[in-house]
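Please read them alongside the sequence and the coordinates.

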Amino acid sequence: MGRLFRADLMKQRKSTTLWVCTILAFLFGIVMAVLYYMVWLNIGTTVQNTQQMLAQAGFSPDAFDSVMSKFPKPSMTEYANALLRDTNVLYVCAVVVGVFVGSEYSMGTIKNTIARGFTRTKVFISKFLVSLLSMMIVVASYVLGGSITSICIFGFTSSAGKRRVLMVLISYFCLFVAVAAMYMMIAIITRKTGHAIAVSIVFPILVESVITAVEVANKEFSGISKYWLFRTFLEAEDLCLAYKAYIPILIAAVYTAVCFIISYLVFKRQELK
C-alpha cells in the first residue's frame, strides 16, 4: 500500500496541472483579499449611511447585514476563514482531481497497476488519498495568497481564539474530505478527464440552482439548503461559534460515506480497458 501511494504521489508531483492550479489558486487568493479590502474601503466605512439608504429604498436592514457578514473583518484570521469557506476554489480542485483520476483511466494506468498484483481496494484508497492531498495543496495555496495579502494590508492581526480556530479547521477539513470523495466518485463513474472535470463543476452549480428554486417556490423547504455540502461551507464558522461543530462534521461524514460506497462499488465492478 505504501509503495502504491508513493508511486501515485510521485506521478502527481510531476503533474503540470497540479502546480498550474496551485499557482492560479495563490493568485486568486490575492485577488479575493484585495476585493474584500476594497469592499470595506468603499462600503464598510459608511455602513450606517448605506443601511439608511437601503431602508429608504425599501430593502430590509437584515438583508444588508446578511450580505455584509459574508465579507471578512479587517483581520488576517478573518480573511483566511473567508477564503476557506469560499467554494469557488473547489472548482479549481475539481480540475486537479478530474485530471489525476481521469487520466489514470485514459492512459490505462489503473489497469496496469491492478495487473501488477495490487487489489482494487488499495488502488482506490491510494487514488483518494492523493486526490485529497492535492486538493489540500490547492486550498492551502489559495488561503496563503489571501493571508499574505491581508498581513501586508493590516499586519499580523487576529480576532479569533485558539479553540475557535481549531474547531473551524476541523470542520473545514471534514468538508474537504467529503468534496474529494464526491469528485473522485464522479471521476470513477465518468472515466474520462474532460467529463470528470465538466460534471464536477456543473453538478454542484446545478444542485445549488435547484435547491434555490425549490426554496423560493415553497417556503416549507426553506431550510433544505443547509444540508447541501457546498452550502455547509458558508455556515461552518457560525455553527462552530454556536458550539454546533458536530453539524458540519456530521454532514461531511454522510456525504463522504455515500460517495465512498457508490464509487467503491462502481470501481469494483468496472471493466478496465
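Leaving aside neighbours within four places in sequence, which residues is serine 150 in contact with?

1. Serine 150 is in contact with Met76, Tyr79 and Gly155, where contact means heavy atoms within 4.5 Å. The model is predicted: local features need pLDDT of at least 70, side-chain atom pairs count only at pLDDT 80 or more, and totals for chains, interfaces and linings use all residues. Residues are numbered from 1 along each chain as its sequence is written, and side-chain values use heavy atoms, with hydrogens and water left out.

2. Serine 150 belongs to helix 8 (residues 120-154); helices are DSSP runs of H or I, at least four residues, numbered from the N terminus. With 0% relative accessibility, serine 150 counts as buried (under 20% relative accessible area; exposed is over 50%, partly exposed in between, with a 1.4 Å probe and protein chains only).

3. There are 11 aromatic pairs, counted when ring centres of Phe, Tyr or Trp (its six-membered ring) lie within 6.5 Å; planes under 30 degrees apart are stacked, over 60 edge-to-face, the rest tilted. Phenylalanine 124 and tyrosine 264 pair edge-to-face, at 5.4 Å centre to centre and 75 degrees between the planes. Because phenylalanine 124 is in helix 8 and tyrosine 264 in helix 12 (residues 246-269), this pair ties together parts 140 residues apart in sequence. Phenylalanine 124 is buried at 5% relative accessibility, while tyrosine 264 is partly exposed at 24%.

4. Tryptophan 228 and phenylalanine 230 are stacked because their ring centres are 5.4 Å apart and their planes at 15 degrees. Tryptophan 228 is buried at 5% relative accessibility, and phenylalanine 230 is buried at 4%. Ring pairs join Tyr91, Phe203, Trp228, Phe230 and Tyr255 in a cluster.

Key:
Helix = DSSP H or I, 4+ residues; strand = E, 2+ residues; numbered from the N terminus.
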